[in-house]
There are 2 protein chains.
Amino acid sequence: VSEFSLIARHFARPLRHPANTPLGIGDDAALLQPSAGEQLVVTTDMLVEGTHFLADTDAKTLGWKTLAVNLSDLAAMGATPRWLLLAGALPDADPAWLSAFATGAHACAEAFEADLVGGDTTRGPRCFCVTAIGEVPAGQALRRSGGQPGDDLWVSGQPGRAALGLAHVRGQITLSNADARACADALHQPQPRVALGIALRSIAHAAIDVSDGLIADLGHILRQSGLAAEVGAYLLPSPAADVPLEKARTAVLAGGDDYELLFSAPPAAREAIALIGHRLALPLTRFGALVPGPGGQCTVRDVHGAPLPLERVGYDHFPDA
Amino acid sequence: VSEFSLIARHFARPLRHPANTPLGIGDDAALLQPSAGEQLVVTTDMLVEGTHFLADTDAKTLGWKTLAVNLSDLAAMGATPRWLLLAGALPDADPAWLSAFATGAHACAEAFEADLVGGDTTRGPRCFCVTAIGEVPAGQALRRSGGQPGDDLWVSGQPGRAALGLAHVRGQITLSNADARACADALHQPQPRVALGIALRSIAHAAIDVSDGLIADLGHILRQSGLAAEVGAYLLPSPAADVPLEKARTAVLAGGDDYELLFSAPPAAREAIALIGHRLALPLTRFGALVPGPGGQCTVRDVHGAPLPLERVGYDHFPDA
């Protein structure tokens, strides 16, 4: 089976927005029509079997997640998703597996109104590489470096659920049926916070998506904004009921793979942010503040005001080592 | 060593064209400023160890080629390269290997004036995925589907050299020192025909880059243009001296990895094309014509006018099987 046919058979679909894409899959490259006044937002991510997913991962789930983690990067910039390119190495051309993977990938692309416009398939150890391209009005992109002293720190959704979902399937904890389902959804079908990112364009000063852990990813905002942070661990929502405090806290602060948005915004924006959360039916939790201080320093306190040891909350002390 | 630092340490360089890239490596995504009146040309390609390159391939050479094959796709569309994103899986973070790879990659990016604006590194079996983004004035992109009956067929450079270079290092043929060097260069450091693609914007009707073999890639133009072709194998330049005719012919017609441009243009453009070849000091050879007939049918003749059996010249009869 040739490379061309795998792409054509499983991944080519009618374009949702043909005016944006004069030429899609099937030539040497795709032709895209950028919108006037917009800047492009581009990100690429590679997912490797054994590192990012297991060999027995459900193919449809994996198709969704492979695109979702890239759309999450666009969301963190406040961008509107437009185009996706998907390259994949496959050990074999199993049509059932590919069809399921494509079904999941297309469900995600359609949910966020992006068109798959290019790709490449080749033989090799299973791995996928997605490039996502979005648009944002010139000057309105949310950057990691835009944090201001005095900004509130916010996070969407219920971070920690993906980590608890993984711990549950590994038998390390036991969740109720409802919590197990919610945590499995967070793990397998993360929801890129695209609508939130767009709503925050004129409101947030800095943003990042939480892929490596809440505190670890906060560190990027702190270093790039040249600020310190005060965080109240007790302010964050519990990801599930009846989980031992220590395990729940680690999941919230250090668990990766949640793809929630972490952002900073001035206190004057609190009402606007509450309204956005209400409109999107998405919990938005204020859990700390940016403060002057050594860039990158993060103090996480428990409900009594006592600082928690950072090595236990997923903070990477040597990010550039 | 964290993912961020590998990208920052080895791949972040000052931007050549800062006005085109408001934000480069280091945030959730890069911000690109498209040019007014231009369309975007986007392509992605994955190179896997064992499939596209061997484990002992020189890292610097591999860095060049990984970007070059993507820039070749832009060239085939007539695009000006602007931006590159590079994702890679690595079995280990060997700094010497990475440094050499980055040196080769940057040499290629700089040679074609593109900026590396994003990336991702992860642990896994060695593989690379590049996304290349270029620009072309709206409506001027060269497509595979644009061929017209009566068009001449042209190819740049000396296709077959990469295949002979590989046969030489494998001991299957013996080339003179000069030919061995030229063929090794074609194999290891392919030159994307960017300047040619740009020059052909207003001249060629259809174009493709030769990565799978001259006749196999011609097949894409034929099927997408709905035309047949007459090809004179004897019209194509010899890739090296003193190679048995059969081996040389197979290399020219079926050898992949040359990354020359194959294009169709009306006979009225012959003088303009000759001038382009002269200006670029690049051989441009007219080797056949597009003719009415069953879309995809290709007749390759020897100097006596006798058709060559297509299964011996790399033509894929069942490209969509």
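**Note on the contact between chain B and chain A**

1. The contact, meaning heavy atoms within 4.5 Å, takes 61 residues from chain B and 61 residues from chain A. This is a predicted model, in which local features need pLDDT of at least 70, side-chain atom pairs count only at pLDDT 80 or more, and totals for chains, interfaces and linings use all residues. Residues are numbered from 1 along each chain as its sequence is written, chains are lettered from A and ligands numbered from 1 in the order in which they are written, and side-chain values use heavy atoms, with hydrogens and water left out.

2. About 4,700 Å² is buried between chain B and chain A, and carbon and sulfur atoms give 57% of that area. Buried area is the accessible area (1.4 Å probe) that two parts lose on being put together, summed over both.

3. The rule finds four salt bridges across the interface of chain B and chain A. A salt bridge here is a side-chain nitrogen of Lys or Arg within 4 Å of a carboxyl oxygen of Asp or Glu. A:Arg144 and B:Asp27 meet in a salt bridge through their side chains, at 3.6 Å from N to O.

4. The strand that gives the largest share of the side of chain B touching chain A is S2 (residues 38-48) of chain B, with 10 residues. Strands (E, at least two residues) are DSSP runs, numbered from the N terminus. Strand S1 (residues 30-32) of chain A runs antiparallel to S2(B), and three bridges join them; two strands pair if DSSP finds at least two bridges between them. Opposite A:Leu32 stands B:Leu40 in S2(B).

5. The same surface serves both copies, since 100% of the contact residues of chain B recur in chain A.

6. Over all chains the salt-bridge count comes to 20. Within chain A, the side chains of A:Arg82 and A:Glu135 meet in a salt bridge at 2.7 Å, N to O. A:Arg82 lies in strand S3 (residues 80-90) of chain A and A:Glu135 in strand S5 (residues 127-137) of chain A, so the pair ties together parts that are 53 residues apart in sequence.

7. In chain A, strand S10 (residues 284-291) pairs with strand S6 (residues 152-156) in the antiparallel sense over five bridges. A:Thr285 in S10(A) is the bridge partner of A:Val155. Strand S8 (residues 228-232) of chain A also runs antiparallel to S10(A), joined by four bridges, and A:Ala228 has A:Val291 in S10(A) as its bridge partner.
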